Amino acid sequence: MNNVLERFEKLGCNSPYWTEFRYHRRRTQSVSVQKGLVKQLKSSLIEGTGIRVLVDGAWGFSSTSENTPQALEKALKKAIECATSLSQMKKAKVSKLPAANLARGVFKLEGYDELQKMSLEEKLKSTLSTE
C-alpha cells in the first residue's frame, strides 16, 4: 500500500492540475456448502485506482486495474486529455474547489483481520460443521 501511495503523491505533485486518486483493494473468499457438499470455494483479489482531474473548469476521469507507475501515469494522462477536451466545449465551468480534508487511510470491517488469518481450509471446515 505504501508504494502505491508514494506513486500517487509523486504523480499528483507533478501534475499541473488538481488531481485526486482513489485506490481500492478488496480480497474476498467465498465458501458455499449445501447438504454437506461443497458448491463453491474461491478466493479473489480486486484492485484498482480511479483518477479525477480538474482542467480549465472541466472534470476528467480515468481508471486502471494496474498500479504500476507506467499504468498510473497513462491513466492520469487519459484523465487530463478527457478534461482538456471537455473544457473546450463546457459553458459552465467549475471555478474553484473549496478546501477540504480528504479521507486517507485503511478502512476495515470489525472481525476482518480474524477471518483473514483463517486459511480457506479452516473456513471450509467451519462452514461444514455449522451446516
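Reader: How do the residues of the lining of the second largest pocket divide into nonpolar, polar and charged?
Author: In this predicted model, the lining of the second largest pocket comprises four nonpolar, four polar and two charged residues.

Reader: Which residues are they?
Author: The lining consists of Arg27, Thr28, Gln29, Ser30, Val31, Leu109, Tyr112, Leu115, Gln116 and Lys123. Two elements, E1 and helix H3 (112–117), each contribute two or more residues to this lining.

Reader: And which element gives the most?
Author: That is E1, with five residues in the lining of the second largest pocket.

Reader: What volume does the pocket have?
Author: The volume of the second largest pocket is about 160 Å³.

Reader: Back to E1, then. Which strand does E1 pair with, and in what sense?
Author: Strand E1, residues 18–34, pairs with strand E2, residues 37–55, in the antiparallel sense, and 17 bridges are found over this pairing. One of the residues involved is glutamine 34, whose bridge partner in E2 is leucine 37.

Reader: How many residues lie between E1 and E2?
Author: Two residues lie between them, and the two strands form a hairpin. Lysine 35, in the turn, has a positive phi of about 55°.

Reader: What about E3: how many bridges join E2 to that strand?
Author: Strand E3, residues 58–64, is joined to E2 by seven bridges, and the two run antiparallel. Leucine 54 stands opposite tryptophan 59 in E3.

Reader: Which residue in the turn between E2 and E3 has a positive phi?
Author: Aspartate 56 does, at about 45°. E2 and E3 form a hairpin, with two residues between them.

Definitions and conventions
Residues numbered from 1 in each chain as written. Predicted model: local features only at pLDDT ≥ 70, side-chain atom pairs only at ≥ 80, totals over all residues. Heavy atoms only, no water. Pairing = 2+ DSSP bridges. Helix = DSSP H or I, 4+ residues; strand = E, 2+ residues; numbered from the N terminus. 1 Å grid on protein atoms, 1.4 Å probe; cavity = no way out; pocket = protein on both sides within 12 Å on 5 of 7 lines; lining within 4 Å. Points joined across faces, edges and corners; volume = space filled by probe spheres on them. Nonpolar A, V, L, I, M, F, W, Y, C, P; charged D, E, K, R; others polar.
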